[in-house]
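Please look over the sequence and the structure shown here before reading the notes on aromatic rings and pockets.

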Amino acid sequence: MCGNNMSVPLLADAVTVSGAERETAAVIFLHGLGDTGHSWADALSSIRLPYVKYICPHAPRIPVTLNMKMVMPSWFDLMGLTPDAPEDEAGIKKAAENIKAIIEHEMKNGIPPNRIILGGFSQGGALSLYTALPCQHQLAGIVALSCWLPLHKAFPQAANNSVNKDIAILQCHGEMDPMIPVRFGALTAEKLKSVVTPTKVQFKTYPGVMHSSCPQEMMAVKEFIEKLLPRI
């Protein structure tokens with residue numbers, strides 16, 4: 001891959017919030033089903049650090065089985081939102097490769113992987129977990145908001161030889177989430193503790209919050225990013 005964005009399809013029209021000074025770190029953040037990178041670029045702008053680049057790609061538009069095959073932005077097809085629902089294994093794996101291409105593009109541009117956090121909300125958070133855990137590059141951390149671990153039966157085997165066994169994970173969930181109930185978030189947190197060092201997994205829940213974010217959660221995200229990506 002060369003240094004320009006055209007070599008990485010998802011970067012061609014991604015929303016990027018540039019740093020106010022020399023960029024020494026990056027946060028790649030993936031939106032949820034039916035959304036675009038714009039909403040999370042706005043949210044991250046409110047907690048931005050001046051030396052961090054924030055990259056919010058847009059998912060491709062595909063038919064989604066869960067929504068009567070309507071075409072909408074989606075990282076992969078969704079058949080259901082329960083832990084035992086069938087999953088789009090080929091689509092998840094292809095999406096993970098596309099996200100890995102963004103990570104490697106940033107590495108080629110001079111940001112080492114241990115200065116890169118991968119994160120996302122809902123389906124985007126699910127994809128960030130699936131991409132980062134078995135990744136051969138040692139990343140700084142994962143932000144997983146209101147989400148689950150896709151193809152969870154493949155773990156921890158899928159991450160057995162990963163350099164990310166000690167990766168820090170911030171998982172947050174609204175306690176009133178009607179789409180992905182908080183108990184699925186708690187099950188995911190327990191599963192993650194079998195995949196990475198258990199003390200590295202933080203699971204925070206927020207009373208009264210539905211399938212969305214809140215200011216307290218965004219402050220937790222900011223503190224997590226600041227801690228893992230200090231100014232150098």
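What follows is a short briefing on a predicted model, arranged by topic.

**Aromatic rings**

- A pair of aromatic rings is described by the distance of the centres and the angle of the planes.
- The count of aromatic pairs comes to three. In one of them, the ring centres of F29 and W40 are 4.7 Å apart and the planes meet at 35°, so this pair is tilted.
- Because F29 belongs to strand β2 (residues 25–30) and W40 to helix α1 (residues 37–45), the pair ties together parts that are 11 residues apart in sequence.
- F29 and W40 are both buried, and together with F121 they form one aromatic cluster.

**The largest pocket**

- The largest pocket holds about 340 Å³ of space and has a lining of 22 residues, with T82, P83, W148, L149 and H152 lying nearest its centre.
- Helix α4 (residues 182–193) gives the most to this lining, contributing four residues.
- Sorted by class, the lining of the largest pocket consists of 14 nonpolar, four polar and four charged residues.

**The second largest pocket**

- For the second largest pocket the volume is about 180 Å³, and the residues that line it are L10, P60, I62, S74, W75, F76, G91, K94, A95 and N98.
- Here helix α2 (residues 89–108) gives the most to the lining, again with four residues.
- The lining of the second largest pocket divides into six nonpolar residues, three polar ones and one charged.

Conventions:
Residues are numbered from 1 along each chain as its sequence is written. This is a predicted model: local features need pLDDT of at least 70, side-chain atom pairs count only at pLDDT 80 or more; totals for chains, interfaces and linings use all residues. Side-chain values use heavy atoms; hydrogens and water are left out. Rings of Phe, Tyr and Trp (its six-membered ring) pair if their centres lie within 6.5 Å; planes under 30 degrees apart count as stacked, over 60 as edge-to-face and the rest as tilted. Helices (H or I, at least four residues) and strands (E, at least two) are DSSP runs, numbered from the N terminus. Buried means under 20% relative accessible area, exposed over 50%, partly exposed in between (1.4 Å probe, protein chains only). On a 1 Å grid over the protein atoms alone, a cavity is a set of points where a 1.4 Å probe fits but cannot get out, and a pocket is an open set with protein on both sides within 12 Å along at least five of seven lines; lining residues have an atom within 4 Å of a point. Grid points are joined across faces, edges and corners, and a volume is the space filled by probe spheres set on the points. Ala, Val, Leu, Ile, Met, Phe, Trp, Tyr, Cys and Pro count as nonpolar, Asp, Glu, Lys and Arg as charged, and the others, Gly among them, as polar.
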